[in-house]
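I opened a structure today and kept short notes. Here is what I looked up.

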Amino acid sequence: MGFLNGKRILVTGVLSNRSIAYGIARACHQQGAQLAFTYVGDRFKDRVSEFAGEFGSNIVLPCDVADDAQIEATFSALQSSWDGLDGLVHSIGFAPREAIAGDFLEGLSREGFRVAHDISAYSFPALAKAALPLLKGRNGSVLTLTYLGSEKVVPNYNTMGLAKASLEASVRYLASALGPLGIRANAISAGPIKTLAASGIKDFSSILKFVEAHAPLRRNVTIEDVGNVAAFLLSDLAAGITGEITHVDAGFSTVTPGME
Ligand SMILES: NC(=O)c1ccc[n+]([C@@H]2O[C@H](COP(=O)([O-])OP(=O)(O)OC[C@H]3O[C@@H](n4cnc5c(N)ncnc54)[C@H](O)[C@@H]3O)[C@@H](O)[C@H]2O)c1
């Protein structure tokens, strides 16, 4: 028996066993949740199905958030397995490579900005909207993943920092829109973790070293650290928390590096 016993949670964004979404799925499974998963692109279907199997799930649905029709189809398909949803995990981010490398203005383009915001920011409220019929009446919640680069300048994060700022604003607007229905919206601002998405960011390993040297806990966080907080935020233990950005970053965002 765990604190998510009987809860049904849809997890997007599992791509590898290093994905933050994988850590979230594991923690939710350990706390007794039933899980469903999405994947992008047919070639990843088998891989995500294997991960789903690890967590006792056979609900694995295609969902490319760039495509409105796929978003709709995901929730119609989910409805044929589940009559309701208690949690939605949005663990999705993408920006074209030139938008997350080097000089901010050199890498800036209308198309790079559009894609980063479309995939990494718009998709969260869009998924929440599509999930609403299933979420209604169950006191559930929606959760996304953000990063410090929205609040402060982080080298190379560039256009993605702008997209994350938009994503964080959407958490507050979603909290306000969904609150009267008893549905909560939150984000975790995770410290840097070596995942496939993170490897797209230039010089990511130097960020990991810097955080380890300066964070109050003198270490980087893991997908277990993030997963455990996600499970808590998705549960009734967090019934009074909404519109909140919770930092799971070993305290890094609280210090002025070099002056700690
Ligand atoms: N790794 C970090 O250091 C870190 C820190 C803070 C926040 N985050 C955020 O965590 C989230 C998950 O990233 P991760 O680090 O686990 O990397 P990851 O590469 O494991 O996951 C990124 C996911 O985004 C999905 N995705 C990309 N384009 C998509 C699309 N069009 N439709 C649907 N899904 C799409 C990928 O399939 C993948 O599953 C992202 O929002 C990322 O910005 C990561």
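In which loop is Tyr157 found? I traced the chain and found Tyr157 in the loop between β5 and α6. I noted that the model is predicted.

**Entry: the annotated tyrosines**

I checked the UniProt record next. Its unreviewed entry lists Tyr147 and Tyr157 under "active site". Of these residues, Tyr147 is included in the lining of the largest cavity. I then placed Tyr147 in the loop between β5 (141-146) and α6 (158-178).

Is Tyr157 buried or exposed? Its relative accessible area is 6%, so I wrote down Tyr157 as buried. Tyr147 has 10% relative accessibility, so Tyr147 counts as buried too. The cut-off I used for buried is under 20%.

**Entry: their contacts**

I skipped residues up to four places away in sequence. On that basis, Tyr157 touches Ala99, Ile100, Tyr147, Gly149, Lys164 and Ile201. Tyr147 is in contact with Tyr157, and its other partners include Val154, Lys164, Glu168, Ser189 and Ile207. Lys164 is on the list for Tyr157 and on the list for Tyr147.

**Entry: the nonpolar cores**

Nonpolar side chains tend to be buried together in soluble globular proteins. I looked for such groups here. The largest nonpolar core has 54 residues. Ile9, Cys28, Leu35, Phe37, Ile188 and Val226 touch the most other members. Helix α1 (residues 20-30) gives the most to this core, with 7 residues. Another core lies apart from it and has 34 residues, among them Leu78, Ile119, Ala131 and Leu132.

Which residues does Ile9 touch? Leaving out residues up to four places away in sequence, I listed several, including Cys28, Leu35, Trp82, Leu85, Val89 and Leu234.

Methods
Residues are numbered from 1 along each chain as its sequence is written. This is a predicted model: local features need pLDDT of at least 70, side-chain atom pairs count only at pLDDT 80 or more; totals for chains, interfaces and linings use all residues. Side-chain values use heavy atoms; hydrogens and water are left out. A nonpolar core is a set of buried Ala, Val, Leu, Ile, Met, Phe, Trp, Tyr and Cys residues joined through side-chain atoms within 4.5 Å. Buried means under 20% relative accessible area, exposed over 50%, partly exposed in between (1.4 Å probe, protein chains only). Helices (H or I, at least four residues) and strands (E, at least two) are DSSP runs, numbered from the N terminus. Contact means heavy atoms within 4.5 Å. UniProt positions are given in the numbering used here, feature names are shortened, and annotations may be inferred rather than shown by experiment. On a 1 Å grid over the protein atoms alone, a cavity is a set of points where a 1.4 Å probe fits but cannot get out, and a pocket is an open set with protein on both sides within 12 Å along at least five of seven lines; lining residues have an atom within 4 Å of a point.
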